[in-house]
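Subject: A structure for you to look at

Hello,

I am passing a structure on to you, and I hope you enjoy exploring it. Please open it first, and then read on for what was found.

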Amino acid sequence: MMEQTIAASRCPRCARMVVPAARLCPDHPVAMEPASVPGVGEVVSFTTLHSPPEGFKAPLHIALIELEGGARLFCHGTETRGIRIGSSVGIESLDNVFYFSHMSFADRARLFWRRGRFRGDS
């Protein structure tokens, strides 16, 4: 799995991170600064809708994912089997729609190793 960077924005006043990027902070009218976060996160909640809203095909697998910096967003997935609250997932953006995929143990180990090497912690 290749790690994608996700466009975000950060408030210079309160440091709130928002994905997708926003022009103004949701908490107060301050212009946001451009930022980015790694395309990996942790499952906060998930469900499968067997009777999804109009325009979506059943079953619709969705999850609320928390990204680095505290930003949260809803993502689509191909399945929720094997996903648990706290599971690590990869996030990809395609045409401004976010998708999650379960990260295997090997994917998580490679990510940990790369980040450690990048930061000089190895």
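A residue is called buried when its relative accessible area is under 20%, exposed when that area is over 50%, and partly exposed in between. Please keep in mind that this is a predicted model.

Let me begin with the cysteines. How many disulfides does the structure hold? The count is zero. A disulfide is a covalent bond between the sulfur atoms of two cysteines, and the cut-off used here is a sulfur pair within 2.5 Å. For C14, the closest cysteine sulfur belongs to C11 and lies 3.7 Å away, so the two are too far apart for a bond. C14 has a relative accessible area of 36%, which means that this residue is partly exposed.

C25 also has its closest cysteine sulfur in C11, here at 3.8 Å, and this is again too far for a bond. Is C25 buried or exposed? Its relative accessibility is 6%, so C25 counts as buried.

Now to the strands. Strand β4 covers residues 40–49 and strand β7 covers residues 88–94; they run antiparallel and are joined by three bridges.

On to strand β8, residues 97–102, which pairs with β7 in the antiparallel sense over six bridges. Here L94 is partnered with V97 of β8. Together β7 and β8 make a hairpin, with two residues between them. In that turn, D95 has a positive phi of about 55°.

Note on methods:
Residues are numbered from 1 along each chain as its sequence is written. This is a predicted model: local features need pLDDT of at least 70, side-chain atom pairs count only at pLDDT 80 or more; totals for chains, interfaces and linings use all residues. Side-chain values use heavy atoms; hydrogens and water are left out. Buried means under 20% relative accessible area, exposed over 50%, partly exposed in between (1.4 Å probe, protein chains only). Two strands pair if DSSP finds at least two bridges between them. Helices (H or I, at least four residues) and strands (E, at least two) are DSSP runs, numbered from the N terminus.
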